[in-house]
Amino acid sequence: MSEALSSRIEMPLADRPARAIVVGLSGGLDSCVLLHALSRSPMAQARGLRALHVHHGLHADADRWADHCQALCDTLVLPLAIVRVDVALDRGDGLEAAARAARHAAFASALGEDEILALAHHGNDQAETFLLRALRASGSDGLAAMRAWRRLGQGWLWRPWLDVPRAELLAYAQTHALAWVEDPGNVDTDRDRNFLRHRVLPVLRERWPQADAAFAQSAALHAETAGLLDAEDAAALAEAGTIDPSVLLVDVLLGIRSSRRARVLRRWVASLGLPPLPAQGIARIESDLLGAEPDAVAEFAWSDTAILRWRDLLHADRRRASLPGDYRAEWTGASALRLPTGDGLALMGAATLDRPVVVHARQGGERIALPGRDHTHVLKHVLQELGVPAWERARMPLLSTTEGELLAAGDLVHSASFDAWLRRNGCRVTWTRDLSQAMP
């Protein structure tokens with residue numbers, strides 16, 4: 001192994017707990033070199049070294065790529081796990097982003113506590129990422145590009161070669177007679193990264209041969225700046241937070257200076273695993289949401305994601321389907337009911353309902369007779385008084401008798417008669433939100 005590549009592997013590992021290392025193995029040049037180099041590292045071998053190949057099933061040669069990875073691991077006498085994933089193509093992020101999300105979810109699931117996932121991104125990749133982020137008008141966090149270390153699932157993601165040029169990896173592969181597969185998609189210049197790689201960066205290198213290294217160094221400097229700001233950002237986010245991580249307090253946000261608030265909002269979105277805010281995202285949130293009247297329901301949406309303002313709250317999540325207005329289903333409570341939104345409705349306890357009820361969507365104008373009251377109340381007003389946000393009300397299932405008497409709104413509001421029945425029979429209704437269900 002070359003001395004430069006060796007030092008970039010051995011030195012960082014010496015400062016980390018002695019946990020196993022998992023190499024994300026695509027079968028391409030970069031990951032094959034990384035696996036081979038780690039297989040020659042006594043420290044990596046002593047910790048336990050294995051490989052993981054994610055089979056996306058998106059290309060005709062996907063099986064051949066998996067076979068190549070298996071052959072390499074057999075040669076190196078290393079275990080390989082091949083994980084097949086379903087790539088969600090309907091979430092609005094594009095094919096590359098969807099495949100990356102599926103891949104990283106598989107990586108995260110494969111890591112035990114403090115285990116290390118090693119990825120082979122190199123200096124040229126870092127330069128491309130820096131330029132892409134700059135073209136999207138990113139701040140210091142975005143311009144920091146890829147980090148050498150970050151948390152992933154229970155473990156860590158490690159990129160040891162972010163300052164190593166790809167030419168050095170190619171020389172290593174040739175020296176050791178390594179074989180690798182080529183993804184034909186890597187030459188498709190309709191993709192932004194490939195356009196930079198094949199059309200833009202070659203021109204820049206003609207004038208500035210060290211362009212890749214300069215961009216990678218700029219990314220490293222931005223990472224240092226971002227690191228200095230992280231602690232204060234985390235404290236500000238915690239102050240604006242609520243018991244629900246997806247909800248922030250508007251009045252606390254408005255008390256944070258605007259430059260810090262922008263960083264807090266980006267950190268919040270990232271912490272929820274949502275797509276990064278677009279270039280104009282912060283400005284739109286400031287004007288359309290934080291500047292909205294408290295009684296308005298304002299929204300900023302991008303990809304399949306939305307941030308909504310309701311009263312003094314901001315709520316961020318994947319866009320969720322409302323319960324269809326024409327949905328109706330009879331239910332006895334004998335088994336859980338799966339709703340079209342992906343939510344679930346269940347009756348917990350030993351009894352079933354005396355007679356079927358109708359589960360349906362809100363139509364507007366419903367009234368309910370609450371326990372201890374001698375008249376009915378407008379359901380909308382009841383839910384508003386309980387502080388139920390508009391986005392929750394839109395997917396909330398209602399339970400009514402076949403004659404039309406309203407018995408319950410989700411598991412939040414019960415009529416007097418239904419509440420008495422539940423108490424008498426030792427039962428309760430649960431409405432479970434399926435947070436993995438995105439709007440189609």
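Residues are numbered from 1 along each chain as its sequence is written. Because the model is predicted, local features need pLDDT of at least 70 and side-chain atom pairs count only at pLDDT 80 or more, while totals for chains, interfaces and linings use all residues; side-chain values use heavy atoms, with hydrogens and water left out.

**The six-stranded sheet**

Let's start with an open sheet of six strands, in the order β3-β2-β1-β4-β6-β5, with mixed pairing. Helices (H or I, at least four residues) and strands (E, at least two) are DSSP runs, numbered from the N terminus, and two strands pair if DSSP finds at least two bridges between them. At the edges sit β3 (80-84) and β5 (149-152), each pairing on one side only. On average, neighbouring strands in this sheet are turned by 30° against each other, direction ignored.

Helix α2 (residues 29-39) covers β1, β2, β4 (116-118) and β6 (155-158), and runs at about 155° to β1. Helix α5 (residues 95-110) lies across β1, β2, β3, β4, β5 and β6, at about 150° to β2. For these angles, axes are lines fitted to C-alpha atoms, for helices over the stretch in contact, and angles run from 0 to 180 degrees between N-to-C directions. Contact itself means heavy atoms within 4.5 Å.

**The three-stranded sheet**

Another open sheet has three strands in the order β12-β13-β20, and its pairing is antiparallel. Strand β13 (residues 344-348) joins β20 in the antiparallel sense over five bridges, and Gly 344 has Thr 432 in β20 as its bridge partner.

**Helices around α10**

Helix α10 (211-240) packs against α9 (residues 192-207) and α12 (residues 258-271).

| Helix pair | Angle | Axis distance |
|---|---|---|
| α9 and α10 | about 105° | 9 Å |
| α10 and α12 | about 80° | 9 Å |

The angle of about 105° makes α9 roughly perpendicular to α10, a label that covers 65 to 115 degrees (under 35 is roughly parallel, over 145 roughly antiparallel, the rest oblique). Leu 201, Leu 204 and Arg 205 of α9 make this contact with Ala 211, Asp 212 and Phe 215 of α10. By class, that gives four nonpolar, no polar and two charged residues. Here Ala, Val, Leu, Ile, Met, Phe, Trp, Tyr, Cys and Pro count as nonpolar, Asp, Glu, Lys and Arg as charged, and the others, Gly among them, as polar.

With about 80° between α10 and α12, α10 is roughly perpendicular to α12. Residues of α10 including Ala 226, Leu 229 and Asp 230 meet Arg 260, Arg 263, Val 264, Arg 267 and Trp 268 in α12. This contact has seven nonpolar, no polar and six charged residues.

**The second largest pocket**

About 500 Å³ of space lies in the second largest pocket. A pocket is an open set of points on a 1 Å grid over the protein atoms alone, where a 1.4 Å probe fits, with protein on both sides within 12 Å along at least five of seven lines; lining residues have an atom within 4 Å of a point. Grid points are joined across faces, edges and corners, and the volume is the space filled by probe spheres set on the points.

Of its 27 lining residues, Gly 123, Leu 162, Asp 163, Val 164 and Ala 216 are the closest to the centre. Helix α10 gives the most to the lining, with seven residues.
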